[in-house]
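Open the model in your viewer and keep the sequence panel beside it. We will go from stop to stop, selecting a few residues each time.

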Amino acid sequence: FDCSAGLANAANGWSVEKKAWCCSNKQQGCTTTTSLPYDCDAGYVNWELGWSAAKKNYCCEKTGRGCDPFDCSAGLANAANGWSVEKKAW
């Protein structure tokens with residue numbers, strides 16, 4: 001089977017045999033029985049402005065995507081001397 005052909009519509013467009021083979025052999029076209037609360041690939045190019053705080057938290061925790069590079073609460077009392085130049089700029 002060519003698992004790249006029709007992948008976007010695998011759920012409706014592929015035969016049962018193709019779904020089974022591609023899922024088992026290529027990890028493509030697999031059906032899931034549960035849905036995730038957020039798709040951490042959707043909108044990733046603009047995550048800082050486009051994602052809600054809840055999506056950022058979920059995706060950072062579960063996939064490592066959408067994480068703020070710095071915790072601005074950490075060391076705030078000594079920010080002038082304790083923060084790096086990069087953290088201050090961010």
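How many disulfides does the count come to? The count comes to 4 disulfides, a disulfide being a pair of cysteine sulfur atoms within 2.5 Å.

Before you click further, a word on the ground rules. This is a predicted model, where local features need pLDDT of at least 70 and side-chain atom pairs count only at pLDDT 80 or more, while totals for chains, interfaces and linings use all residues. Residues are numbered from 1 along each chain as its sequence is written, and side-chain values use heavy atoms, with hydrogens and water left out.

**Colour by confidence**

The mean for the protein is 87, and 97% of its residues reach 70 or more. Confidence is lowest in α2, at a mean of 86, and highest in α3, at 91. Helices here are DSSP runs (H or I, at least four residues), numbered from the N terminus.

**Select C3 and C22**

These two cysteines are joined by a disulfide, S to S 2.0 Å. The torsion about their S-S bond is about -90 degrees, so the link is left-handed. Because C3 sits in the segment before α1 and C22 in helix α2, the pair ties together parts that are 19 residues apart in sequence. C3 and C22 are both buried (buried means under 20% relative accessible area, exposed over 50%, partly exposed in between, with a 1.4 Å probe and protein chains only).

**Look down α2**

Just after α2, Q27 takes a positive phi of about 55 degrees.

**Select C23 and C30**

Here a disulfide joins C23 to C30, S to S 2.1 Å. Which hand does this one have, left or right? The torsion is about 110 degrees, so the disulfide is right-handed. C23 is partly exposed at 27% relative accessible area, and C30 is partly exposed at 36%.

**Select C40 and C59**

A disulfide joins this pair too, at 2.1 Å S to S. With -90 degrees about the S-S bond, the link is left-handed. C40 lies in the loop between α2 and α3 and C59 in helix α4, 19 residues apart. Both cysteines are buried.

Along the chain, the bonded cysteines follow the pattern 1-2, 3-4, 5-6, 7-8. C72 is in no disulfide, and the nearest cysteine sulfur, that of C60, is 14 Å away.

**Last stop: the charged pairs**

Select D41 and R65, whose side chains meet in a salt bridge, 2.6 Å from N to O. A salt bridge is a side-chain nitrogen of Lys or Arg within 4 Å of a carboxyl oxygen of Asp or Glu. D41 is in the loop between α2 (16-26) and α3 (47-50), and R65 in the loop between α4 (53-63) and α5 (79-82), 24 residues apart. D41 counts as exposed at 56% relative accessibility, whereas R65 is partly exposed at 25%.

Then pick E61 and K62, which form a salt bridge with their closest N and O atoms 3.7 Å apart. Both E61 and K62 are exposed.

Technical notes
Helix = DSSP H or I, 4+ residues; strand = E, 2+ residues; numbered from the N terminus. pLDDT = per-residue confidence, 0-100.
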